[in-house]
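Here's a quick tour of a two-chain model, taken piece by piece. Have the structure open and follow along.

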Amino acid sequence: MLRKRVIPCLDVKDGRVVKGTKFVDLTDEGDPVELAERYAREGADEICFLDIGATPEGRATMLDTIRATAENVFIPLTVGGGVRSVQDMRSVLRAGADKVAVNSAAVHQPRLIQECARAFGNQCVVVSIDVKRHNGAWIVHTHGGRVDTQLDALTWAARAERLGAGELLITSMDRDGTNDGYDLALLRAIRNRTTIPIIASGGAGKPEHLTAAIVEGRADAVLAASIFHRSLHSIAEVKSDLASAGVAVREIA
Amino acid sequence: MKVAVIDHGAGNLVSMVRALETVGAEPSIVTSGPLDRFDRVVLPGVGATGPAMRTLNHSGLTGELRGFGGPLLGVCVGMQLLFDFSTEDDTECLGLIAGTVQRLTTSPLPHIGWNAVSSDASGLFVGLARDELFYFLHSFAVRPSDQQVSIGETTYGTDVFTTAVAERNVTGVQFHPERSGSAGLAVLANFVNGAGQVRRVA
């Protein structure tokens, strides 16, 4: 049986892991390679890096970080942030990523999803969608949450799948960094419109939240940052809570 | 042990090279022949079938792979390329093992994550549990013409499919051993140390 995945997410800026609340107020959380190694040892099923600097200098640093991680961590690595072209995706894959997340560029140029899927297979194309509620609707935001696209998130998710996305990374901006739990209604709504795997993101504060995202939100994987970086809860605690709810997980040896 | 890691243009080779080094091999990334300089060949697996076969055909590696007599390991798409034909991009493949590659039917697809491979813990799986977990990332799977070549099987929803094969010098795994922690490294060590070419006795 396929196990549900627990994925620590590392927001990386200029070679350091940072974390904000609702996408602002960044604090330093450590070295990305060291943190990735620690999480792999502690039973992470994948690691996710999001390059939130995405400047040209930061870009080169990020490729070095990916390479150093791929050389030391033998679990899968998903990388996102600042990927604007097939060539960008190729560079990130060649540096050692297994999957690549596209966000803003895909919204502005949807055929990027199609081109990347054709070149590398849809299994490695993750479409990352940052979502904020407006008057009862879920709206897609881009550029690290700064730009309101007025695009309906459910419509965009379904279109991304048709274009060749292999997975969706759904982040609730309203919940991000709040530790109040995932937006379960958003996850269910996306599930009902799509058939590709969904990674839930934004709002994890305790193990029960990650379990709820899978059991009630019907997500295939759960992503969390601060609860792991700040050692509020371990990956083992999360997996044990999932297992006690009857969810199949990869036990840590 | 000199191991050629075939570069077919698309994927992450860093992890495979590093994983092979970790188990004591000397890997080299290879974009053209001859392959007879090497003791073993790994055909890794990130990318789509159509572009990967086009790259192999242009570089002359298609003939080199068909002629290679030593132990060969295909990984993920690399395993699928060992078969006759893939319905991904309707592509004619290497034809080293008889059979085709078909899309899975369970939802959601792709099949992403850690799943069990049931094996008899021999060959590539020496030293591992009979239902060891490995990391998968794919939507297509092989259908060997002769089930005797199957040495590992995985269940996902209603799909039950072959996820490891061995025939003569040719082996393949659908999962990513270079991304499956210590269990994956054990599979690569078995391949490098020669256990991989041991054919299962039915």
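This is a predicted model: local features need pLDDT of at least 70, side-chain atom pairs count only at pLDDT 80 or more; totals for chains, interfaces and linings use all residues.

## Helix H7 of chain A

H7(A), residues 184-193, has A:Leu184, A:Leu186, A:Leu187 and A:Ile190 buried. Down the axis of H7(A), the buried residues sit within an arc of 160°, so here too they line one face of the helix. An α-helix has 3.6 residues a turn, so residues three or four places apart point the same way.

What covers those buried residues? Among the elements of chain A involved are strands S7 (125-134), S8 (137-142), S10 (167-172) and S11 (198-201), along with helices H6 (153-163) and H8 (207-215).

## The core

The largest nonpolar core has 153 residues, and the members touching the most others are A:Val100, A:Leu168, A:Ile170 and A:Val222. The element giving the most to this core is in chain B: helix H5 (residues 181-192), with 7 residues.

Leaving out residues up to four places away in sequence, A:Ile170 touches A:Leu186, A:Leu187 and A:Ile190, as well as A:Ile129, A:Val131, A:Ile198, A:Ile199, A:Ala200 and A:Ser201.

## An exposed histidine

A:His134 belongs to strand S7 of chain A. It counts as exposed because it has 11 C-beta neighbours inside 10 Å, and 12 or fewer is the cut-off for that. A:Arg118 is 16 residues away along the chain, yet the two C-alpha atoms are 35 Å apart.

## Where the chains meet

Chain A puts 31 residues in contact with 33 residues of chain B. On the chain A side, the elements giving two or more residues are helices H2 (56-72), H3 (86-95) and H5 (111-120). By class, that side has 14 nonpolar, 6 polar and 11 charged residues.

## Two hairpins in chain B

Strands S11 (residues 150-156) and S12 (residues 159-167) of chain B run antiparallel, joined by 6 bridges. B:Thr154 stands opposite B:Phe161 in S12(B). The hairpin has 2 residues between its strands, and B:Gly157 in the turn has a positive phi of about 55°.

S12(B) also runs antiparallel to S13(B) (residues 170-173), with 4 bridges; B:Ala164 has B:Val173 in S13(B) as its bridge partner. This hairpin has 2 residues between the strands as well, and B:Arg168 takes a positive phi near 50°.

Conventions. Residues are numbered from 1 along each chain as its sequence is written. Chains are lettered from A and ligands numbered from 1 in the order in which they are written. A nonpolar core is a set of buried Ala, Val, Leu, Ile, Met, Phe, Trp, Tyr and Cys residues joined through C-beta atoms within 7 Å. A residue is buried if 20 or more other C-beta atoms lie within 10 Å of its own, exposed if 12 or fewer, and partly exposed in between; C-beta atoms are placed from the backbone. Two residues are in contact if their C-beta atoms, placed from the backbone, lie within 7 Å. Ala, Val, Leu, Ile, Met, Phe, Trp, Tyr, Cys and Pro count as nonpolar, Asp, Glu, Lys and Arg as charged, and the others, Gly among them, as polar. The arc is that of the directions from the helix axis to the C-beta atoms. Two strands pair if DSSP finds at least two bridges between them.
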